[in-house]
Amino acid sequence: MTATGDEGATPVRRFGKLIRLRPEHRAEYLRLHAEVWPEVLAVITACRLRNYSIFLEGDLLFSYAEYVGEDYAADMAKMAADPVIRRWWQLTDPCQEQTGGAVPGEWWTPMREVFHHD
């Protein structure tokens with residue numbers, strides 16, 4: 001995670017995260033993300049995440065998001081408490097498997113940014 005931004009503006013915080021896709025759930029996971037529920041997208045936006053993307057390479061999923069709010073922990077708690085998001089995660093979580101680098105309290109493994117250029 002890294003913060004950037006203009007003087008006085010809310011900084012943009014960038015997040016990269018990693019998780020393993022279970023091969024037996026690959027088709028289901030890709031289908032779900034080809035048809036993401038509009039309510040899920042609305043919550044992501046309301047929780048101040050922008051440019052949210054998930055990439056796939058082999059059996060690894062890499063997510064990238066930019067946070068543009070003031071209280072990341074509060075916005076992520078709001079997201080985790082949302083009933084639509086909880087139903088969505090009930091479908092997507094079984095498709096995923098944590099990596100060896102997972103940390104307590106995080107489903108996806110946080111990654112350290114080593115380079116950025118605007």
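Trainee: Which residues of helix 4 are buried?

Mentor: Keep in mind that we're looking at a predicted model. Helix 4 runs over residues 83-92. Buried here means under 20% relative accessible area, and the residues of helix 4 that count as buried are Val84, Ile85, Trp88 and Thr92.

Trainee: What covers the buried residues of helix 4?

Mentor: Part of the answer comes from Thr92, which is in contact with Tyr29, Leu32 and His33, leaving aside neighbours within four places in sequence. Helix 1 spans 26-34 and is included in the cover. For the buried residues of helix 4 taken together, the cover includes helix 1, helix 2, helix 3 and strand 5.

Trainee: Is Thr92 itself buried or exposed, and at what relative accessibility?

Mentor: The cut-off for buried is under 20%. Thr92 therefore counts as buried, with a relative accessibility of 3%.

Trainee: What does the side chain of Asp82 reach at the start of helix 4?

Mentor: One of its side-chain oxygens comes to within 2.9 Å of a backbone atom. That atom is the backbone nitrogen of Val84.

Trainee: How many residues are in the largest nonpolar core?

Mentor: Those with the most contacts inside it are Val40, Val43, Ile44, Leu49, Tyr67, Met79 and Ile85. Helix 2, strand 4, helix 3 and helix 4 each supply at least two of its residues. Apart from it there's another core of six residues, including Ile19 and Tyr29. The largest one has 14 residues.

Trainee: What does Leu49 touch, residues up to four places away in sequence not counted?

Mentor: Leu49 is among the residues with the most contacts inside the largest core. Its partners are Ile44, Ala65, Glu66, Tyr67, Met76 and Met79.

Trainee: Where does Arg48 lie, given its positive phi near 70°?

Mentor: That's a positive value in a residue other than glycine. Arg48 counts as partly exposed because its relative accessibility is 35%. Its place is the loop between helix 2 and strand 3.

How values were computed
Residues numbered from 1 in each chain as written. Predicted model: local features only at pLDDT ≥ 70, side-chain atom pairs only at ≥ 80, totals over all residues. Heavy atoms only, no water. Helix = DSSP H or I, 4+ residues; strand = E, 2+ residues; numbered from the N terminus. Buried < 20%, exposed > 50% of the residue type's maximum accessible area, 1.4 Å probe, protein only. Contact = heavy atoms within 4.5 Å. Polar contact = N/O pair within 3.5 Å; in protein donor to acceptor, adjacent residues only side chain to side chain. Core = buried A, V, L, I, M, F, W, Y, C linked by side-chain atoms within 4.5 Å.
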